[in-house]
Amino acid sequence: MSRFIIASDIHGDAKTTALLLERYKESGAEKLVLLGDVLYHGPRNDLPAGYAPKKVIELLNAIKDDILCVRGNCEAEVDEMVLKFPVLADYAFIDVDGLRFFVTHGHKFNTENPPPLRKGDILLHGHTHVPVAIPFGNDNIYINPGSVSIPKENSEKGYILYEDRRMKFCNLEGKVYKEIGL
């Protein structure tokens, strides 16, 4: 897996999920990495304009074999009854291109409560709805794609395209607005 899309915090928004999947198909990525909060908006967020969790289920199940997903704070066990890919793991590791990503939602493991990371590991999480790429810890990097449906702090709805040790922060139209090398 040398090219993948990273997205977080869909919160049941079918319109933005459809746009994300268009970008995914156009990119030629091999995997779609979802950082949690897939179907529900939660009590702290307003209902997204395109809220239609049943449609999100349909859209994502159509590419179930392409998805790696971790559990967000809005996921429930019932989600695994309707989604055809696992959604309840608190974290996963992705080893690619000599890099090691610790993939999680961010409500349990984050820069304030870091997971056990090796020197140079990358902490990849959503949860805050704010895109970020900053160094921290022991030569680690914290990267957050922001939110697909409910961006915060004047950020755009977006995702990240990982390719050849580069993280390209993109809006839902596919425009790269920031790029970092790893």
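How many bridges join strand β5 to strand β6? Four bridges join them, and the two strands run parallel. The views below come from a predicted model, in which local features need pLDDT of at least 70, side-chain atom pairs count only at pLDDT 80 or more, and totals for chains, interfaces and linings use all residues. Residues are numbered from 1 along each chain as its sequence is written, and side-chain values use heavy atoms, with hydrogens and water left out.

**View 1. An open sheet of five strands.** The strands follow the order β4-β5-β6-β8-β7, with mixed pairing. Strands here are DSSP runs of E with at least two residues, and helices are runs of H or I with at least four residues, both numbered from the N terminus. Two strands count as paired if DSSP finds at least two bridges between them. β4 (91-96) and β7 (131-136) stand at the edges with a single partner strand each, so one side of each is left without a neighbour in the sheet. On average, neighbouring strands are turned by 20 degrees against each other, direction ignored; the axes are lines fitted to C-alpha atoms, and angles run from 0 to 180 degrees between N-to-C directions.

**View 2. The pairing of β5 and β6.** β5 comprises residues 99-104 and β6 residues 122-125. Phenylalanine 102 stands opposite leucine 123 in β6.

View 3. Five of the six residues of β10 (residues 166-171) are buried, that is, under 20% relative accessible area, whereas exposed means over 50% and partly exposed lies in between (1.4 Å probe, protein chains only). β10 pairs with β9 (residues 158-163) in the antiparallel sense over six bridges, and tyrosine 162 stands opposite methionine 167. Two residues separate the strands of this hairpin, where aspartate 164 takes a positive phi near 50 degrees. Five bridges join β10 to β11 (residues 176-181), again in an antiparallel arrangement; the bridge partner of phenylalanine 169 is lysine 178 in β11. Four residues lie between β10 and β11, and glycine 174 in the turn has a positive phi of about 95 degrees.

**View 4. Helix α2 and its cover.** The buried residues of α2 (residues 53-61) are Pro53, Val56, Ile57, Leu59, Leu60 and Asn61. Among the elements that cover the buried residues of α2 are α1 (14-27), β2 (31-34), β3 (67-69) and α3 (79-82), where contact means heavy atoms within 4.5 Å.
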